[in-house]
Amino acid sequence: MKFSLSKILLVVVHVCVCVSWLGMSIARAQPETQALRPIALNSFGSCISHWRNLRDENRFIHVEEGQPSYQASQVTEIVQNILLFQRANGGWPKDYDVTAVLTPEQRARVMGTRNREDASYDNDNLFSQVEYLARAVHQIDVPEWRLGCEKGIDFILRSQYSHGGFPQRFPKPHSYHAHVTFNDGVMIGILKVLQDAGHAAPHFQWLDQNRRKLAREAVERGITCILRCQIRTEGELTGWCQQHDEKTFAPRSARTFELASICPQETTAITRFLMAQQNPSPELVHSVDAAVAWLQRGALKGIRVEKVASTPESFLRHDTDFDVVVVNDSQAEPLWARHYEIGTNRPVFAGRDGIKKYALAEIERERRTGTPWYGGWPRALLESEYPRWKRDLSQRSSASE
């Protein structure tokens, strides 16, 4: 069969046009990764650390030696990891590194667990993935990314108790996982994301009106729950426990070394969240004032915490070559204990046996080195944030008179 030169040229042109069209179609289908701004990864820090540094034989994938991570600039790759780990119900399992460059075998194992109902808010999980996806969608509206974020928001909204609290795990929470959880940023982390969604923060401007409305209502219920949980001793409001009973709102213990107590770290985070509310009610203002007063009373002066070299030892979850001790230091900044006994306001500690102790040295080394028992969590709140908030309230009150 013979072809004229003109026909050959027409075929060549047609092929070139098709190849060009196909190339543009593929380019349109793929996110323009070079145009995406890096998104901060700090909210994943706890889960990353748990996966890479703490042993847990129950995980469905385990870190490999020298396993690399994606950088913050590799947004598309991180989003794909986040969507890979997302459960069919919209949630995410905790303690996996969504920035890890996974092997084909690891990816296959993750895909095989998609239908599990093991989602958890523990260790800043789940709401952090929703936040990240929202920021990615704000930059480039990829339908798959938007759908993943919407499913995450819907999961959060379904998991809220009618009274406004959130359990640590959902669905079918049991034991202490069913308690209203403030530990590891659960309640406050969720409510911050919902507040941004409900009030159309820049990275949530793409969200539909119905989900915005539901998010605002969820935040209102959440604040009501927070105020109901605040611990009262001898008629005075104090702070909050790491977790509260999902029916009675009373403080509750969780793991054996997490006693029912008043907890400065959680109290500080809750207080900051309440202070960020617009047009606070008198009840909310009183709650903040009482929490700050309790934090001031709980300041421990004249001590500091040191890590000291010690004989290497291996435990179930971690290895250590140091110990933790409390030493006297009249020049030290104020510290707060992780737990304070309700009623006496004394610092309390516990190990795996769950027995209450009044000195860090009295619990086993495994827990001394495995839990942060002291911190300066409220310092900035007391020194600058709360006084500024009170001044602003006073100025707004004067301006309205």
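**A helix and its core**

Author: Helix α10 covers residues 282-297, so 16 residues, and reaches 23 Å from its first C-alpha to its last. The model is predicted: local features need pLDDT of at least 70, side-chain atom pairs count only at pLDDT 80 or more, and totals for chains, interfaces and linings use all residues. Numbering starts from 1 along each chain as its sequence is written, and side-chain values use heavy atoms, without hydrogens and water.

Reader: Which residues of α10 are called buried?

Author: Buried means under 20% relative accessible area, with a 1.4 Å probe and protein chains only. L284, V288 and W294 are among those in α10. What covers the buried residues includes α8 and α12.

Reader: What is L274 in contact with?

Author: Contact means heavy atoms within 4.5 Å. Leaving aside neighbours within four places in sequence, L274 touches L284, S287 and V288, among others.

Reader: What makes a nonpolar core?

Author: Buried Ala, Val, Leu, Ile, Met, Phe, Trp, Tyr and Cys residues, joined through side-chain atoms within 4.5 Å. The largest one here has 96 residues. F204, I226 and L274 have the most contacts inside it.

Reader: How much of the chain counts as buried?

Author: The share is 48% of the 401 residues.

Technical notes. Buried means under 20% relative accessible area, exposed over 50%, partly exposed in between (1.4 Å probe, protein chains only). Helices (H or I, at least four residues) and strands (E, at least two) are DSSP runs, numbered from the N terminus. The expected span of a helix is 1.5 Å times one less than its number of residues.
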